[in-house]
Each structure stands twice: as C-alpha cells, then as structure tokens.
Amino acid sequence: MSLEQCKILDLPKIHDPRGNLTFVESSRHIPFEIKRVYYLYDVPGGETRGGHAHKNLQQFIISMSGSFDVVLDDGFAKKTVNLNRSYKGLYLPSMTWRDLVNFSSGSVLMVLASEYYDEADYYRDYDEFVAAVKSGVK
Ligand code: TYD
C-alpha cells in the first residue's frame with residue numbers, strides 16, 4: 001500500500017469541563033469493521049515496538065496518553081508520524097511496515113484492528129516484506 005493511504009483521522013470530540021469525550025464507531029469513523037482491540041501500556045520511556053507489517057490486517061492507532069512516533073514504510077519510502085492526542089488516530093492499511101518509537105514514559109496506545117489475531121498474517125522479516133511488495137505476491 002502506498003504511504004498516502006496512511007492517514008491521520010480526526011475523531012469526534014465532545015468538549016466538557018468535566019473531561020472531554022471521544023468515541024469511535026466501527027466503519028463510520030474508520031474505514032473498517034472493528035474485530036479486535038488491543039493496547040500497549042507500562043511502556044518504558046524511549047522504548048521501541050512494532051517492527052512488522054501485515055498481509056491483510058488494517059489498523060487504527062490512537063495515543064490514549066503520552067506521545068510516540070510511528071515510522072511508516074511501504075517498501076519504497078518512509079514517513080514518520082507523531083501521535084499525542086486522544087481525538088486523532090492513524091489509519092494503517094495492510095502491507096505497511098511500522099516501527100513504533102520514542103514512547104514517552106507512561107504512554108498508552110490503543111489499536112483497533114480489522115481482524116482477529118493471526119500470527120500467519122505478520123511479516124516480521126523486513127526483507128521478506130519488501131520482496132512481497134516488489135513482487136506483488138503476499
Ligand atoms: P506484536 O504484534 O509483535 O506487538 P507490537 O507490534 O505491539 O510490538 O505482539 C507482541 C506479542 O503479543 C506477540 O507474541 C503476539 C502477541 N499478541 C497476541 O497474542 N494477540 C494480539 O492481539 C496481539 C496484537 C499480539
């Protein structure tokens with residue numbers, strides 16, 4: 001997938017002096033049906049995660065607290081996106097390599113995913129991912 005398809009999307013934000021509220025509706029605010037939600041927490045400051053791509057999975061990543069950078073790579077080019085607001089998220093189509101870096105300590109990251117967990121959907125080897133992108137064979 002090309003990097004132009006990786007997009008920051010704004011979510012609804014209900015301002016309230018008692019605390020703001022944001023919500024996400026499946027297939028409405030993000031372009032897929034949500035089958036799974038997972039989150040990263042207790043991440044030590046400066047830690048790195050990710051380091052993989054998915055054959056079919058689409059994801060939407062939200063920083064619930066703190067800040068981190070997502071380094072995106074479609075096999076041809078790279079781009080870095082910072083996430084640090086709970087009312088914005090990053091849409092990741094399939095076949096996008098991502099490294100999650102520069103976590104501020106105490107960051108909480110939530111991921112909405114289009115499929116159930118399936119290890120067979122992962123590319124964990126970067127060269128294998130690039131070969132698949134260039135050959136068009138997943
Ligand atoms: P991984 O996707 O590599 O984490 P990250 O991209 O955040 O660095 O997953 C880490 C481990 O957790 C790996 O052993 C697979 C397991 N896991 C599940 O069992 N279910 C899940 O939904 C996810 C996302 C991971």
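How many nonpolar, polar and charged residues make up the shell around the ligand? Keep that in mind and start the tour.

This is a predicted model: local features need pLDDT of at least 70, side-chain atom pairs count only at pLDDT 80 or more, and totals for chains, interfaces and linings use all residues. Residues are numbered from 1 along each chain as its sequence is written, and side-chain values use heavy atoms, with hydrogens and water left out.

**Stop 1: the ligand.** Select R36, Y38, L40, R49, G50, H52, Y117, Y122 and R124, which surround the ligand (each has a heavy atom within 4 Å of it). By class, that shell has 4 nonpolar, 2 polar and 3 charged residues. Here Tyr counts as nonpolar and Gly as polar.

**Stop 2: the strands.** Show β4 and β5 (49–54); each supplies at least two shell residues. Strands are DSSP runs of E, at least two residues, numbered from the N terminus.

**Stop 3: ligand oxygens.** Zoom to the R36 side chain: one of its N or O atoms is 2.5 Å from a ligand oxygen. At G50, a polar backbone atom is 2.9 Å from an oxygen of the ligand. At R124, a polar side-chain atom lies 2.9 Å from a ligand oxygen. The protein covers 64% of the 530 Å² of accessible area that the ligand has on its own (Shrake-Rupley method, 1.4 Å probe).

**Stop 4: V24.** Select V24, in the loop between β3 (21–22) and β4 (36–40). Beyond neighbours within four places in sequence, V24 contacts L11, H29, I30, I62 and L112 (heavy atoms within 4.5 Å). Last, pick G106: V24 and G106 are 82 residues apart in sequence and 23 Å apart in space, C-alpha to C-alpha.

How values were computed
Helices (H or I, at least four residues) and strands (E, at least two) are DSSP runs, numbered from the N terminus. A polar contact is a pair of N or O atoms within 3.5 Å; within protein, one must be able to donate a hydrogen and the other to accept it, and residues adjacent in sequence count only if both atoms are side-chain atoms.
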